[in-house]
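Here is a short briefing for a first look. It covers charged pairs and the nonpolar core.

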Amino acid sequence: MDRSLRCFTGAGYDKGRPLLVQAAWFAVLNLVFVRWWLPARWRPALLRAFGARIGQRVLIRHRVRVHWPWRLEVGDDVWIGEGAWLLNLERITIGSNVCVSQEAFLCTGSHQRRSAAFEFDNAPICLESGAWVAARAVVLRGVTVGRGAVVGASAVARRDVGPGAVITTGAAA
């Protein structure tokens with residue numbers, strides 16, 4: 001198939017906020033939110049100010065990137081480790097008592113590989129209560145990581161991970 005990226009329109013993708021709000025978030029994200037000197041306890045408040053729903057006792061380390069706060073819901077007692085990236089073109093829902101470890105990548109975006117214009121093929125992600133996404137693990141669009149399940153270090157979750165299941169680097173999940 002010949003791909004024509006010039007024809008890409010982004011049809012059907014709504015960023016969810018006006019351009020001014022998007023620009024304000026990117027300024028706050030890059031100038032303040034990701035910085036080591038910002039106290040971790042202030043990060044949930046900044047996300048809430050931009051529309052995120054954040055529970056109690058949420059710890060967000062520095063260098064964490066959240067694409068659109070208004071598409072993020074986080075339960076209570078959640079840890080998000082240094083350098084984690086939440087690319088939430090669609091909603092990311094994180095239950096309570098979830099750990100998203102260092103440099104984990106949660107990616108709700110993709111493209112239609114059979115589309116000549118490479119249009120979006122996005123879908124939400126859900127991490128149910130008690131889940132653990134370990135260091136440098138990847139959770140792709142449309143995936144639910146079940147209650148108490150583990151996506152091991154450097155593993156890629158391409159499909160749903162059942163409650164209590166563990167996938168590791170060599171897994172065909």
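Asp-77 counts as partly exposed, at 28% relative accessibility. Partly exposed lies between buried, under 20% relative accessible area, and exposed, over 50% (1.4 Å probe, protein chains only). This is a predicted model: local features need pLDDT of at least 70, side-chain atom pairs count only at pLDDT 80 or more, and totals for chains, interfaces and linings use all residues. Residues are numbered from 1 along each chain as its sequence is written, and side-chain values use heavy atoms, with hydrogens and water left out.

**Salt bridge of Asp-77**

- Asp-77 forms a salt bridge with Arg-57; their closest N and O atoms are 2.7 Å apart.
- A salt bridge here is a side-chain nitrogen of Lys or Arg within 4 Å of a carboxyl oxygen of Asp or Glu.
- The pair links distant parts of the chain, 20 residues apart. Arg-57 sits in the loop between strand 1 (53-54) and strand 2 (59-60), and Asp-77 in the loop between strand 4 (72-74) and strand 5 (79-80).
- Strands (E, at least two residues) and helices (H or I, at least four) are DSSP runs, numbered from the N terminus.
- Arg-57 counts as exposed, at 57% relative accessibility.

**Other salt bridges**

- A search of the whole structure finds 6 salt bridges.
- Arg-63 pairs with Glu-82 in a salt bridge, with the closest N and O atoms 3.9 Å apart.
- That pair also links distant parts of the chain: Arg-63 is in the loop between strand 2 and strand 3 (65-66), and Glu-82 is in the loop between strand 5 and strand 6 (85-87).
- Arg-63 is partly exposed at 39%, and Glu-82 is partly exposed at 31%.
- Salt bridges link Arg-63, Glu-82, Glu-103 and Arg-136 in a network.
- Arg-141 and Asp-121 meet through their side chains in a salt bridge (2.8 Å, N to O).
- Arg-141 is in the loop between strand 12 (138-140) and strand 13 (144-145), and Asp-121 in the loop between strand 9 (105-107) and strand 10 (125-127), so the pair ties together parts 20 residues apart in sequence.

**Nonpolar core**

- The largest nonpolar core has 45 residues. Such a core is a set of buried Ala, Val, Leu, Ile, Met, Phe, Trp, Tyr and Cys residues joined through side-chain atoms within 4.5 Å.
- Leu-72 and Ile-94 have the most contacts inside this core.
- Helix 1 (19-33) gives the most to the core, with 3 residues.
- Ile-94 touches residues including Leu-72, Val-100 and Leu-127, not counting those up to four places away in sequence. Contact means heavy atoms within 4.5 Å.
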